[in-house]
Amino acid sequence: MTDIRELLLSRIRDVADYPEPGVMFKDITPLLADPAAFTALTDALAEIAERTGATKIVGLEARGFILGAPVAVRAGLGFIPVRKAGKLPGATLAQAYDLEYGSAEIEVHAEDLSADDRVLVVDDVLATGGTAEASVQLIRRAGAEVAGLAVLMELGFLSGRARLEPTLNGAPLQALLTV
């Protein structure tokens with residue numbers, strides 16, 4: 001696992017003062033542009049999906065789509081997008097959550113998940129955990145079981161894990177990298 005961590009870290013670029021002064025943004029686009037690194041990431045996340053017994057992958061808008069879709073294909077599972085409110089046609093379930101300055105809402109198609117599903121949530125970064133927490137609540141409201149949460153990178157200093165663990169109720173939270 002050390003080799004994959006080194007590979008992934010070597011392909012993540014730090015961008016100072018983005019999106020605002022004082023923030024060190026972790027840019028994953030160089031990782032996505034490198035086929036060996038992107039394949040290694042996809043394989044590692046697909047292994048997590050298999051270990052958790054997931055039957056579907058939920059990807060969180062927007063980079064969770066980029067990571068989650070190939071993981072679903074690699075693991076032979078269905079892929080379900082969780083989108084910002086108003087982006088999905090048809091009947092949806094919605095979940096509101098608080099942001100630092102305001103609130104937001106995410107949605108999933110109501111018919112895409114059932115009681116037979118074990119869902120692994122995939123995203124690029126775990127920061128404060130607000131979006132991930134809302135997605136777990138949404139999946140459960142749809143009647144499905146949460147198999148876990150898998151992310152490329154956890155920003156440990158923002159304490160998202162501590163926020164999420166009670167909501168996950170024993171389901172694993174796995175980060176390939178912690179910074």
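Contact in this tour means heavy atoms within 4.5 Å. The structure is a predicted model, in which local features need pLDDT of at least 70 and side-chain atom pairs count only at pLDDT 80 or more, while totals for chains, interfaces and linings use all residues. Residues are numbered from 1 along each chain as its sequence is written, and side-chain values use heavy atoms, with hydrogens and water left out.

**Stop 1: Met24.** Select Met24, which lies in strand β2 (residues 24–27); helices (H or I, at least four residues) and strands (E, at least two) are DSSP runs, numbered from the N terminus. Not counting residues up to four places away in sequence, Met24 touches Asp14, Val15 and Ala16. Its relative accessibility is 46%, so Met24 counts as partly exposed; buried means under 20% relative accessible area, exposed over 50%, and partly exposed in between (1.4 Å probe, protein chains only).

**Stop 2: Asp123 and strand β8.** The bridge partner of Asp123 in β8 is Val151. Now select strand β8 (residues 145–154); nine of its ten residues are buried, so β8 is largely enclosed by the rest of the structure. Strand β7 (residues 118–126) pairs with β8 in the parallel sense over eight bridges, where pairing requires that DSSP finds at least two bridges between two strands.

**Stop 3: the crossovers.** Select β7, helix α5 (residues 130–141) and β8 together to see a right-handed β-α-β unit. A crossover is right-handed if, with the strands pointing away from the viewer, the path from the first strand over the helix to the second runs clockwise. Next, β8 pairs with strand β9 (residues 173–178) in the parallel sense over five bridges. The chain passes from β8 through helix α6 (residues 160–168) to β9, and this β-α-β crossover is right-handed. Ala150 stands opposite Gln174 in β9.

**Stop 4: Thr52.** From Gln174, proceed to Thr52, whose contacts, not counting residues up to four places away in sequence, are Arg118, Leu120, Ala147, Pro172 and Gln174. Thr52 is found in helix α3 (residues 35–52). With 9% relative accessibility, Thr52 counts as buried.

**Stop 5: α3 and α4.** Finally, select α3 with helix α4 (residues 63–75): their axes come within 8 Å and cross at roughly 65 degrees. Axes are lines fitted to C-alpha atoms, for helices over the stretch in contact, and angles run from 0 to 180 degrees between N-to-C directions. Residues making the contact include Phe38 and Leu45 of α3 and Ile66 and Val71 of α4.
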